[in-house]
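Hi,

Here is the structure I promised to pass on. Have a look at it first, and my notes follow below.

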Amino acid sequence: FVPTKYASINLGVFLCAACAELHHELLDGVSVIRDIKEPWDITPQQRFELEALMGNAKRNKIFEKNASKKDAQKARPNDSREIRTKWIKAKYALST
């Protein structure tokens, strides 16, 4: 388990700091990142509602189909920036 501090509020997924940074760089205009630890960004109730309505497991079923078509290695918490970049590009069907 990697603690989440960020969320892509329009894609409905929670992100670690490393993946949030890559989403910001690679998915500019596609993924809207918010710091969910800051009280003015998201309340505990809003976080609960976001988790219940969307959540990573449900969203990954959709997005990971793209990556499986490209035979991409799924990124893990301690993977390099290069592996994370390849995974995010494949997962969100970006050209490499």
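Along the sequence the chain runs β-β-α-β-α-α-α, which comes to 4 helices and 3 strands (DSSP runs numbered from the N terminus: H or I of at least four residues for helices, E of at least two for strands). Keep in mind that this is a predicted model, where local features need pLDDT of at least 70, side-chain atom pairs count only at pLDDT 80 or more, and totals for chains, interfaces and linings use all residues. Residues are numbered from 1 along each chain as its sequence is written, and side-chain values use heavy atoms, with hydrogens and water left out.

Of the 96 residues in the chain, 33% are buried (under 20% relative accessible area, with a 1.4 Å probe and protein chains only).

Now the largest pocket: it holds about 530 Å³ of space. Its lining has 21 residues, and F14, C19, N56, N60 and A75 are the closest to its centre. (A pocket is an open set of points on a 1 Å grid over the protein atoms alone, where a 1.4 Å probe fits, with protein on both sides within 12 Å along at least five of seven lines; lining residues have an atom within 4 Å of a point. The volume is the space filled by probe spheres set on the points.) Helix α4 (81–91) gives the most to this lining, with 4 residues.

One to click on is N60, in helix α3 (residues 55–69). N60 counts as buried because its relative accessibility is 17%. Its side chain makes a polar contact with the side chain of K91, at 2.6 Å (N or O atoms within 3.5 Å, one able to donate a hydrogen and the other to accept it; residues adjacent in sequence count only if both atoms are side-chain atoms).

Cheers

Definitions and conventions:
Buried < 20%, exposed > 50% of the residue type's maximum accessible area, 1.4 Å probe, protein only.
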